[in-house]
Amino acid sequence: MEDLIQIVREAGNIILEADLNHDFNQTDLTDDNPMITSKEGRANFVTKYDLKVQYFLFDQIKKLYPDAKFIGEEDDKHPSSMDGRCFIIDPIDGTSNFIFDNKFSAISVAMMEDGEVTAGIVYNPYLDELFYAKKGEKAYLNQRVLQVKPLPLKDSLAAFGTSPYEEKLADQSFEIARKLLNHVVDIRRCGSAALDICYVAANRYSFFFELQLSPWDFAAASLILQEAGGKITTFDKKELFYEAKTSIVAANPVAYQEFYQFI
Ligand code: IPD
Ligand code: CA
Ligand code: CA
């Protein structure tokens with residue numbers, strides 16, 4: 001774990017030292033050329049820093065685990081199965097925040113063993129906040145142990161994600177958020193699902209949902225939240241799977257129950 005944490009912290013420096021220039025829709029991501037290009041879906045961008053962080057993580061982690069497989073968001077060549085040891089990586093979760101200098105982005109690294117998440121790290125380099133957990137052990141934010149509190153919705157903040165790359169989910173997302181607003185202190189939409197889920201683990205929110213996320217958005221954070229005593233399932237209350245896109249509900253157990261009473 002210490003070695004992995006060290007690698008993720010070093011990768012954080014790539015984000016902190018990034019020289020942002022806001023040239024959209026350029027296709028060449030070499031060092032001297034503009035840095036942003038579009039991917040599939042609406043407003044879905046990749047920068048040369050997403051690629052830099054991803055390949056730094058791949059290279060460094062391979063030195064620790066030469067036989068490991070890798071699933072990275074910015075990599076098309078995903079392994080056909082997750083048997084054995086496999087890392088699921090989002091090099092920058094919150095790329096739009098990163099591009100617009102919003103300083104709410106994270107590196108997310110999940111270690112899977114035979115399909116199960118056994119270690120998770122989510123690191124926000126701007127705040128130097130490192131969330132991490134090992135399966136069956138505690139979850140931490142830096143040195144502090146995380147323990148989810150049974151905060152009711154009415155006494156807490158909630159957050160949601162807009163599934164920005166799937167326009168057809170927008171109305172439904174906002175309808176749910178509108179209903180949720182009646183039951184909470186207020187609602188946040190911060191732009192990094194990995195951090196949003198970790199914020200539930202840290203009691204900064206009692207509740208988070210998003211109607212479509214990819215495994216690299218939630219794999220590491222799901223273990224962190226579970227080890228802190230929180231609940232994370234699909235929107236229809238099914239156990240998580242890590243092979244495909246899915247909806248996510250992440251909450252403390254009290255807020256989770258309350259949500260399904262009015263939704
Ligand atoms: C996105 C962020 C965002 C969430 C999107 C994700 P990306 O990840 O987590 O908060 O709403 O659904 O795809 O594209 O910035 O890595
Ligand atoms: Ca992401
Ligand atoms: Ca990303």
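Two strands pair if DSSP finds at least two bridges between them. I also note that helices (H or I, at least four residues) and strands (E, at least two) are DSSP runs, numbered from the N terminus.

**Ground rules**

I am working on a predicted model, where local features need pLDDT of at least 70, side-chain atom pairs count only at pLDDT 80 or more, and totals for chains, interfaces and linings use all residues. Residues are numbered from 1 along each chain as its sequence is written, chains are lettered from A and ligands numbered from 1 in the order in which they are written, and side-chain values use heavy atoms, with hydrogens and water left out.

**Entry: the seven-stranded sheet**

I looked up β7 and β8 first. Strand β7 (residues 129–134) pairs with strand β8 (residues 139–141) in the antiparallel sense, over three bridges. Tyrosine 132 stands opposite tyrosine 140 in β8. I then traced the whole sheet. It is open, has seven strands and runs in the order β3-β4-β5-β6-β7-β8-β9, with mixed pairing. At its edges are β3 and β9 (144–146), each pairing on one side only. Neighbouring strands are turned by 20° against each other on average, direction ignored.

Helix α1 (residues 2–16) packs on this sheet and touches β4, β5 (106–113), β6 (116–124) and β7. The direction of α1 makes about 35° with that of β6. Here axes are lines fitted to C-alpha atoms, for helices over the stretch in contact, and angles run from 0 to 180 degrees between N-to-C directions. Contact means heavy atoms within 4.5 Å.

**Entry: the calcium site**

Next I checked ligand 3. This calcium ion is coordinated by Glu73 (OE), Asp90 (OD) and Ile92 (O), at 2.2 to 2.4 Å. Donors are N, O and S atoms within 2.8 Å of the metal (3.2 Å for Na, K and Ca); water is not among the atoms, so sites may look incomplete. Along the chain, the donors follow the spacing E-x16-D-x1-I. The calcium ion (ligand 2) is 3.7 Å from the calcium ion (ligand 3), and aspartate 90 coordinates both. Glutamate 73 lies in the loop between β3 (69–72) and β4 (85–93) and isoleucine 92 in strand β4, so the pair ties together parts 19 residues apart in sequence. Glutamate 73 and isoleucine 92 are both buried (under 20% relative accessible area; exposed is over 50%, partly exposed in between; 1.4 Å probe, protein chains only).

**Entry: threonine 95**

I found threonine 95 in helix α3 (residues 95–99). Threonine 95 is buried, with a relative accessible area of 7%. Leaving aside neighbours within four places in sequence, threonine 95 is in contact with Phe45, Thr47 and Asp50.

**Entry: the five-stranded sheet**

I traced a second open sheet, of five strands. Its order is β11-β10-β12-β14-β13, with mixed pairing. β11 (186–188) and β13 (231–233) stand at the edges with a single partner strand each, so one side of each has no neighbour in the sheet. β13 pairs with strand β14 (residues 246–251) in the antiparallel sense over three bridges. Isoleucine 232 has alanine 250 as its bridge partner in β14. Helix α7 (residues 253–262) packs on the sheet, touching β12 (207–213), β13 and β14. The α7 direction makes about 125° with that of β14.

**Entry: α5 and α6**

Last, I took the helix pair. Helix α5 (residues 193–201) packs with helix α6 (residues 215–227) at an angle of about 5°, their axes 8 Å apart.
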